[in-house]
Amino acid sequence: MINKKIEDALNEQINAEMWSAYLYLSMSLHFEHEGRPGMANWYRVQFQEEQAHALALMDYLNARDGKVVLAPIAAVPETWESPKDAFLATLEHEQKVTALINNLYALAEEEKDFATRQKLNTFVAEQVEEEDNVRQILDDLNLIGNDGTGLYQLDRELGARTFVAPTL
Ligand code: MG
(Lines give C-alpha, C1' and ligand atoms only; values in the text may rest on other atoms or scores of the structure.)
Protein backbone atom coordinates (compact mmCIF):
# COMPACT_ATOMS: atom_id res chain seq x y z
CA MET A 1 0.00 0.00 0.00
CA ILE A 2 1.31 3.40 -0.94
CA ASN A 3 1.80 6.14 1.64
CA LYS A 4 -0.89 8.84 1.56
CA LYS A 5 1.57 11.72 1.08
CA ILE A 6 3.05 10.04 -1.99
CA GLU A 7 -0.40 9.13 -3.30
CA ASP A 8 -1.54 12.77 -3.04
CA ALA A 9 1.68 14.05 -4.61
CA LEU A 10 1.37 11.61 -7.52
CA ASN A 11 -2.24 12.70 -8.06
CA GLU A 12 -1.07 16.31 -8.15
CA GLN A 13 1.57 15.39 -10.71
CA ILE A 14 -1.06 13.57 -12.80
CA ASN A 15 -3.11 16.76 -12.81
CA ALA A 16 -0.01 18.81 -13.77
CA GLU A 17 0.69 16.47 -16.69
CA MET A 18 -2.94 16.72 -17.83
CA TRP A 19 -2.70 20.51 -17.60
CA SER A 20 0.46 20.36 -19.73
CA ALA A 21 -1.43 18.26 -22.28
CA TYR A 22 -4.25 20.81 -22.29
CA LEU A 23 -1.77 23.70 -22.67
CA TYR A 24 -0.09 22.08 -25.67
CA LEU A 25 -3.42 21.21 -27.25
CA SER A 26 -4.34 24.88 -26.94
CA MET A 27 -1.04 25.88 -28.57
CA SER A 28 -1.64 23.35 -31.36
CA LEU A 29 -5.08 24.82 -32.05
CA HIS A 30 -3.64 28.33 -31.93
CA PHE A 31 -1.04 27.53 -34.61
CA GLU A 32 -3.62 25.69 -36.69
CA HIS A 33 -5.65 28.89 -36.63
CA GLU A 34 -2.59 30.99 -37.46
CA GLY A 35 -1.81 28.93 -40.56
CA ARG A 36 1.32 27.29 -39.19
CA PRO A 37 0.49 23.59 -39.65
CA GLY A 38 3.99 22.35 -38.76
CA MET A 39 3.96 24.07 -35.37
CA ALA A 40 0.40 22.84 -34.85
CA ASN A 41 1.66 19.32 -35.52
CA TRP A 42 4.62 19.71 -33.17
CA TYR A 43 2.34 20.79 -30.34
CA ARG A 44 -0.15 18.03 -31.11
CA VAL A 45 2.66 15.50 -30.62
CA GLN A 46 3.59 17.35 -27.43
CA PHE A 47 -0.04 16.99 -26.29
CA GLN A 48 0.16 13.23 -26.89
CA GLU A 49 3.42 13.00 -24.94
CA GLU A 50 1.92 14.75 -21.93
CA GLN A 51 -1.04 12.39 -22.00
CA ALA A 52 1.45 9.51 -22.01
CA HIS A 53 3.18 10.98 -18.93
CA ALA A 54 -0.14 11.27 -17.10
CA LEU A 55 -1.21 7.74 -18.08
CA ALA A 56 2.13 6.27 -16.98
CA LEU A 57 1.72 7.85 -13.53
CA MET A 58 -1.88 6.59 -13.33
CA ASP A 59 -0.74 3.05 -14.23
CA TYR A 60 2.00 3.29 -11.63
CA LEU A 61 -0.33 4.53 -8.89
CA ASN A 62 -2.77 1.71 -9.71
CA ALA A 63 0.06 -0.82 -9.62
CA ARG A 64 0.91 0.40 -6.12
CA ASP A 65 -2.72 -0.07 -5.05
CA GLY A 66 -3.23 3.68 -4.79
CA LYS A 67 -6.34 5.56 -5.91
CA VAL A 68 -6.16 7.82 -8.95
CA VAL A 69 -8.27 10.94 -8.46
CA LEU A 70 -9.00 13.07 -11.52
CA ALA A 71 -9.17 16.68 -10.35
CA PRO A 72 -10.47 19.47 -12.60
CA ILE A 73 -8.00 20.79 -15.17
CA ALA A 74 -7.50 24.55 -14.88
CA ALA A 75 -8.07 26.81 -17.89
CA VAL A 76 -5.15 27.43 -20.26
CA PRO A 77 -4.17 30.48 -22.38
CA GLU A 78 -5.59 30.58 -25.91
CA THR A 79 -3.30 32.87 -27.89
CA TRP A 80 0.37 33.77 -28.16
CA GLU A 81 1.87 36.84 -29.81
CA SER A 82 4.39 34.96 -31.94
CA PRO A 83 5.97 31.52 -32.36
CA LYS A 84 8.85 32.71 -30.16
CA ASP A 85 6.39 33.77 -27.48
CA ALA A 86 4.77 30.31 -27.49
CA PHE A 87 8.05 28.38 -27.42
CA LEU A 88 9.41 30.61 -24.65
CA ALA A 89 6.24 29.92 -22.62
CA THR A 90 6.81 26.22 -23.32
CA LEU A 91 10.39 26.32 -22.03
CA GLU A 92 9.31 28.16 -18.89
CA HIS A 93 6.51 25.67 -18.36
CA GLU A 94 8.83 22.67 -18.77
CA GLN A 95 11.28 24.20 -16.29
CA LYS A 96 8.41 24.39 -13.77
CA VAL A 97 7.51 20.76 -14.47
CA THR A 98 11.15 19.78 -13.90
CA ALA A 99 10.99 21.46 -10.50
CA LEU A 100 7.77 19.55 -9.69
CA ILE A 101 9.39 16.24 -10.64
CA ASN A 102 12.45 17.10 -8.53
CA ASN A 103 10.24 17.89 -5.52
CA LEU A 104 8.39 14.62 -5.99
CA TYR A 105 11.72 12.78 -6.18
CA ALA A 106 12.86 14.45 -2.96
CA LEU A 107 9.59 13.49 -1.24
CA ALA A 108 9.99 9.86 -2.36
CA GLU A 109 13.47 9.86 -0.79
CA GLU A 110 12.23 11.49 2.39
CA GLU A 111 9.43 8.93 2.71
CA LYS A 112 11.81 6.08 1.81
CA ASP A 113 9.53 5.11 -1.08
CA PHE A 114 12.24 3.62 -3.26
CA ALA A 115 9.86 2.22 -5.87
CA THR A 116 8.47 5.69 -6.56
CA ARG A 117 11.95 7.16 -6.60
CA GLN A 118 13.00 4.59 -9.18
CA LYS A 119 9.88 5.19 -11.28
CA LEU A 120 10.67 8.90 -11.33
CA ASN A 121 14.14 8.33 -12.82
CA THR A 122 12.61 8.06 -16.29
CA PHE A 123 10.70 11.30 -15.69
CA VAL A 124 13.88 13.08 -14.61
CA ALA A 125 15.55 11.99 -17.86
CA GLU A 126 12.44 12.88 -19.87
CA GLN A 127 12.57 16.46 -18.54
CA VAL A 128 16.16 16.91 -19.73
CA GLU A 129 14.99 15.95 -23.21
CA GLU A 130 11.86 18.15 -23.09
CA GLU A 131 13.86 21.24 -22.15
CA ASP A 132 16.58 20.51 -24.69
CA ASN A 133 14.08 20.06 -27.56
CA VAL A 134 12.40 23.39 -26.87
CA ARG A 135 15.72 25.19 -26.42
CA GLN A 136 16.86 23.98 -29.85
CA ILE A 137 13.71 25.35 -31.48
CA LEU A 138 14.20 28.65 -29.64
CA ASP A 139 17.79 28.81 -30.94
CA ASP A 140 16.43 28.37 -34.48
CA LEU A 141 13.77 31.03 -33.92
CA ASN A 142 16.41 33.46 -32.67
CA LEU A 143 18.50 32.88 -35.79
CA ILE A 144 15.49 33.26 -38.07
CA GLY A 145 14.13 36.45 -36.51
CA ASN A 146 11.37 37.80 -38.74
CA ASP A 147 12.57 36.10 -41.92
CA GLY A 148 9.49 34.61 -43.61
CA THR A 149 11.40 31.97 -45.56
CA GLY A 150 13.16 30.81 -42.42
CA LEU A 151 9.89 30.56 -40.53
CA TYR A 152 8.34 28.66 -43.43
CA GLN A 153 11.23 26.18 -43.41
CA LEU A 154 11.10 25.71 -39.65
CA ASP A 155 7.35 25.14 -39.86
CA ARG A 156 7.93 22.45 -42.50
CA GLU A 157 10.54 20.81 -40.30
CA LEU A 158 8.30 20.77 -37.22
CA GLY A 159 5.56 19.28 -39.39
CA ALA A 160 7.64 16.12 -39.76
CA ARG A 161 7.54 15.26 -36.05
CA THR A 162 5.63 12.08 -35.23
CA PHE A 163 4.50 10.74 -31.89
CA VAL A 164 6.61 7.93 -30.47
CA ALA A 165 5.24 6.65 -27.17
CA PRO A 166 7.89 7.35 -24.50
CA THR A 167 9.20 4.38 -22.50
CA LEU A 168 8.15 5.23 -18.98
MG1 MG B 1 5.20 15.93 -18.89
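The model is a predicted one, in which local features need pLDDT of at least 70 and side-chain atom pairs count only at pLDDT 80 or more, while totals for chains, interfaces and linings use all residues. Residues are numbered from 1 along each chain as its sequence is written, and side-chain values use heavy atoms, with hydrogens and water left out.

Helices here are DSSP runs of H or I with at least four residues, numbered from the N terminus, and each axis is a line fitted to C-alpha atoms over the stretch in contact, with angles running from 0 to 180 degrees between N-to-C directions. H1 and H2 pack at an angle of about 165°, their axes lying 8 Å apart, and are therefore roughly antiparallel to each other, a label given to angles over 145 degrees, whereas those under 35 degrees count as roughly parallel. H1 passes H2 in a left-handed crossing, meaning that the near helix is turned anticlockwise from the far one by less than a right angle. The contact of H1 with H2 has 17 nonpolar, seven polar and five charged residues, where Ala, Val, Leu, Ile, Met, Phe, Trp, Tyr, Cys and Pro count as nonpolar, Asp, Glu, Lys and Arg as charged, and the others, Gly among them, as polar.

A magnesium ion is coordinated by Glu17 (OE), Glu50 (OE) and His53 (ND1) at 2.1 to 2.2 Å, donors being N, O and S atoms within 2.8 Å of the metal (3.2 Å for Na, K and Ca), and the site may look incomplete because water is not among the atoms. Since Glu17 lies in helix H1 (residues 4-34) and Glu50 in helix H2 (residues 37-63), the pair ties together parts that are 33 residues apart in sequence.

The contact of H3 with H4 divides into 16 nonpolar, seven polar and seven charged residues.

Turning to the aromatic residues, ring pairs link Tyr24, Phe31, Trp42, Tyr43 and Phe87 into a cluster, a pair being two rings of Phe, Tyr or Trp (its six-membered ring) whose centres lie within 6.5 Å.

Methods
Phe/Tyr/Trp six-rings, centres within 6.5 Å; stacked < 30°, edge-to-face > 60°. Helix = DSSP H or I, 4+ residues; strand = E, 2+ residues; numbered from the N terminus. Parallel < 35°, antiparallel > 145°, perpendicular 65-115°, else oblique.
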